[in-house]
Amino acid sequence: MKIVVLTGAGISAESGLKTFRDTDGLWEGYNVYDVATPEAWEKNPEMVQQFYNDRRKQVLEANPNAAHLILAELENHFEVEIITQNIDDLHERAGSTKVSHLHGVITKSQSNVNPDSTYQIVGDELRMGELCEFGSQLRPHVVWFGEAVPMIEMAAEICSTADVFVLIGTSLAVYPAAGLLDFVPSGTRKFIIDPNIPNVSRYKNVIKLEGTAISQLQILKEILLNEK
Ligand code: APR
């Protein structure tokens, strides 16, 4: 049985990483257009680098929480594919082996002229003056607002193959990621895990598990294992 999981910032909340739109979320402290757009990078690359250097430090200091670990453990019983909107690497550090990062990953940089060229960042800082092999300034390997999401077609294909679909910790506020539910077969069960369930009223076979990722994944794991 193949389980496809789409995660958002909420799954990393219990690791101490801020979400974006909750109270005290990241976008309360920063204007998106100052730190997460190509225009911001053109205008003030130092500010953008600093924003991601600060977040990278927090990610490196954080640890996967029980929700990440449950998803990794489910691989011992089922085929599990994770599509994440998160740029942290907590799924991988928890042991998940099939993780697709729709919005990039904060531990990597990319060439400013050739986005397909990505590099592992050593340590927690990406500095101005660090150049790619083509001689241009390295930037965070993150998809900014207004940029294309190269992995979206592949992610839609993965969603279309789900025997069970699980949505965890996302407000479904940002497209094209939020539209991935459209690619999940209507007959597939869709478990929605969130303390504040987003609007999923247009989908069929929805089971709402209202609560935190850790508490509700423990319940979902029991449900799925009992069906085996
Ligand atoms: N467990 C599960 N869900 C939680 C928890 C928790 N402990 N705490 C908060 N949540 C939920 C919130 O209720 C909300 O629905 O996580 C969701 C977080 O929503 P957002 O902050 O909008 O984050 P996300 O949906 O991942 O944002 C999508 O927006 O800014 C862009 O690129 C950024 O990838 C991000 C995208």
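Trainee: In which sense do strand β4 and β6 pair, and over how many bridges?

Mentor: Keep in mind that this is a predicted model. The general idea: strands of a sheet pair through backbone hydrogen bonds, either parallel or antiparallel. Here β4, residues 104-111, pairs with β6 in the antiparallel sense, over four bridges. Look at S111: it stands opposite L138 in β6.

Trainee: What is the strand order of the open sheet?

Mentor: Three strands make up this open sheet, in the order β5-β4-β6, with antiparallel pairing. β5 (118-120) and β6 (138-142) stand at the edges. Each has a single partner strand, so one side of each is left without a neighbour in the sheet. Neighbouring strands are turned by 45° against each other on average, direction ignored.

Trainee: Which helix packs on the sheet?

Mentor: Helix α5, residues 45-61, does, touching β4 and β6. The direction of α5 makes about 140° with that of β4.

Trainee: Now a helix by itself. What does α9 reach from its first C-alpha to its last?

Mentor: α9 (residues 213-227) has 15 residues and reaches 21 Å. That is close to the 21 Å expected at 1.5 Å a residue.

Trainee: Which residues of α9 are buried?

Mentor: Take buried as under 20% relative accessible area. In α9 the buried residues are A213, I214, Q216, L217, L220 and L224. Seen down the axis of α9, they fall within an arc of 155°, so they line one face of the helix.

Trainee: What do the buried residues of α9 pack against?

Mentor: Their partners include the strands β1 (2-7), β7 (164-168), β8 (189-194) and β9 (206-210). Helices α1 (10-13) and α6 (66-74) are also among them.

Note on methods:
Residues are numbered from 1 along each chain as its sequence is written. This is a predicted model: local features need pLDDT of at least 70, side-chain atom pairs count only at pLDDT 80 or more; totals for chains, interfaces and linings use all residues. Side-chain values use heavy atoms; hydrogens and water are left out. Two strands pair if DSSP finds at least two bridges between them. Helices (H or I, at least four residues) and strands (E, at least two) are DSSP runs, numbered from the N terminus. Axes are lines fitted to C-alpha atoms, for helices over the stretch in contact, and angles run from 0 to 180 degrees between N-to-C directions. Contact means heavy atoms within 4.5 Å. The expected span of a helix is 1.5 Å times one less than its number of residues. Buried means under 20% relative accessible area, exposed over 50%, partly exposed in between (1.4 Å probe, protein chains only). The arc is that of the directions from the helix axis to the C-beta atoms.
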